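Dear colleague,

Please find the structure below, together with its sequence.

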Amino acid sequence: MLLTITCTRPDDAAWAATDLGYLLHKHPDRAQVFDQSYGTAHVLYPEATEQRCTAALLLEIDPVRLVRGKTRGTPEFSLAQYVNDRPYAATSLLAVAISTVFSSALHGRCARRPELPDTILPLRIELPAVPCKGGPDRAERMFAPLGWSVTATPVVLDPAFPEWGDSHYVRLELAGTLRLADALTHLYVLLPVLDGGKHYWLADDEIDKLLRAGANWLPAHPERDWITRRYLARRQSLVRTALARLAEIDDAAPEELDAVDEVEVADDAGSDSTGPVTDVHPAPRHDGTRSPLPEPQPAPVSLAVLRRRAVMSALRATGARRVLDLGCGEGVLLRDLLADKMFEEIVGVDVSTRALQIARRRLDRMPGAMAHRIQLRQGALTYTDAALRGYDAAVLMEVIEHIDPPRLPALAHSVFGAARPATVVVTTPNGEYNSLYENLSAGGFRHTDHRFEWSRAEFASWAASIGRNYGYSVRIESVGPEDPALGSPTQLAVFGTSERATTMAEEARR
Ligand code: SAH
C-alpha cells in the first residue's frame, strides 16, 4: 500500500519544498523503517529538491502477522484472514500508519519549525489503489468539499479481460493548497470510509478519534452523516453517539438523530443513500476563508422538534412544576425543560447508563445555576420506584414502543398506578404513517429497537384501557404533517387524573 505526498514550492515562498521533512519529522535524505503490529511502514523520499519534494509512505502488510496478532474477534471466516486484499488496499491500516508514523504532522505540531504546521502548501497526494465501493463519484463527493481537486480513475479488474470491467479500486490523485495536518486528517478519516469494509480494530474510542481528526472540517462536510456512519462501520450505538456529539459541535439540534435512525434502516439494507444533510455553516478554515461548501439552506423543522414542542406545550398547559422525564435517553427534552423556569424540579429516568452519561455531559454544558433543578436516575420503568411518587407530570416520549408488549402492563402499573402523576404525556410513532417513508421497507420499524409501532386505533385502545384501569381522562393529539388517510407521524396522548375517571375506575374494580 503506497501513499505519496508531494509538495511544490511556489517561486515567492519563504520555505523550501524539503521543509516537508521537518513537518513529517522524517529526514528527506534517509529511508526509515517502522515496525508496526501488522507489518512494516517505510518512509522514503523519491524526490527531494528545494522546488519539489515527495514523501512516500509504503506499507508492507503481513497478513499472517495480522491473523496471529490482535485479530481475535475478526468477523471474517478463517480463509478470508489469509486470502484478502489487505497487503494492497488496507486503508484502515494506512490510517493507523499515518497516525503513528506521522503523528506530529497529523496533530499539526513541529517543534523545530513551529510556524510550519500553519503554512498552506500546494500539495499533491497519490494512492495507486484505494478500495472505493461507490466508484469515482464517491471519492469526489468525499474530498472535493474539503478543497481538493480530485482525480479518481477506476482500476480495471484485469487488463487481459477488459470485458470484466472495472474493479472497486480507484487510483486516487488529490491536488490542493492546504495545511499538511488538514490533508492528513482528511486521509485518516476518509480512506477507511471509502473502503467501507468492517475494520477489525474498531474500538469504543473510535468516536473520539473521529471527532478529533475531523474537528476542523467534519461538522460542516455535506456528507457528514454518511461519513460518520461508514467510519463507525454502521455500529448504530456508536453512530448515534457520534452524530449527537457532532451535532453539538456544530450547534445543530441533535434531533436530526430521529431522521438518522430512519436512514439507518435503509443503509443496513445496503443502500448508499445519503443521510439527512444538516443545515450547517462552513467552518472557518485556518486561513480565515470558508471552505467551499454550499450555502446553508433554511432547515425544515424536524419531527423531533415538533414533538418536543407538542410535549412542552401539553406540560405547560397543565401548570406542572415538578416533572418526570421517563426514558429520558440522552436528555434532549431535559434541556428544554431546564430552559423553562416554570419547571422547578425535573427528574430524568432511564435504564441506560450510557444514555444518562450523555445526558449528564449535555446538561453540564448548560449554565451552572440550573443544575440544582435536575436529577438523573437510573432505573427500569417496569419496576415501581417510590421516589417517583407525587410529581405533577410525567413524560414518556418515544418510550413505550421500546418495551416488550408483555411488559407494558408492568410499566403502566408503575407509572399510572404507583408513581401516579397528575398528568402523563405519552408519544409514540403512528405505524400507519410508515408507508410514507421511502427508506423504510414494508412492515419495517423506524428504529431497530422498536418492539411495535401502533396504528392510531391500537394506541387509542391502549390509552382508553389505561384511562379505565387507573382513573385517568385521555385526550389524543397528532404531531407532525397530517396525511388525510394515514394521519400524522407521531401520536400523543395526554392523561389527566380526574375525579370522575377515578371514581369510574374504582367502580369498575369493585
Ligand atoms: N425520551 C427520549 C428517548 C427515547 S428512546 C427521547 O425522546 O429522546 C427510548 C428510551 O427509553 C431509551 O433511552 C431507553 O434506554 C429507554 N428505555 C427503554 N426501556 C426502558 C425501561 N424499561 N426503563 C427505563 N427506560 C427504558
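A residue is called buried when its relative accessible area is under 20% and exposed when that value is over 50%. Please bear in mind that this is a predicted model.

His25 is not a glycine, yet its phi is positive, at about 60°. This residue sits in the loop that joins α1 (20–24) to β2 (32–36). Its relative accessibility is 57%, so His25 counts as exposed.

Glu398 likewise has a positive phi, of about 55°, without being a glycine. Its place is the loop between β11 (393–397) and α16 (408–419). Glu398 counts as buried because its relative accessibility is 16%.

The second topic is the ligand. There are 15 residues around it, and those that come nearest are Gly327, Gly329, Asp350, Leu381 and Met397. By type, the residues of this shell divide into eight nonpolar, five polar and two charged.

For Met397, the distance from a ligand nitrogen to a polar backbone atom is 2.8 Å, and for Leu381 it is 2.9 Å. On its own, the ligand has 570 Å² of accessible area, of which the protein covers 81%.

With kind regards

Technical notes:
Residues are numbered from 1 along each chain as its sequence is written. This is a predicted model: local features need pLDDT of at least 70, side-chain atom pairs count only at pLDDT 80 or more; totals for chains, interfaces and linings use all residues. Side-chain values use heavy atoms; hydrogens and water are left out. Helices (H or I, at least four residues) and strands (E, at least two) are DSSP runs, numbered from the N terminus. Buried means under 20% relative accessible area, exposed over 50%, partly exposed in between (1.4 Å probe, protein chains only). A residue is near a molecule or strand if one of its heavy atoms lies within 4 Å of it. A polar contact is a pair of N or O atoms within 3.5 Å; within protein, one must be able to donate a hydrogen and the other to accept it, and residues adjacent in sequence count only if both atoms are side-chain atoms. Accessible areas come from the Shrake-Rupley method with a 1.4 Å probe; for residues, only the protein chains shown count as cover. Ala, Val, Leu, Ile, Met, Phe, Trp, Tyr, Cys and Pro count as nonpolar, Asp, Glu, Lys and Arg as charged, and the others, Gly among them, as polar.
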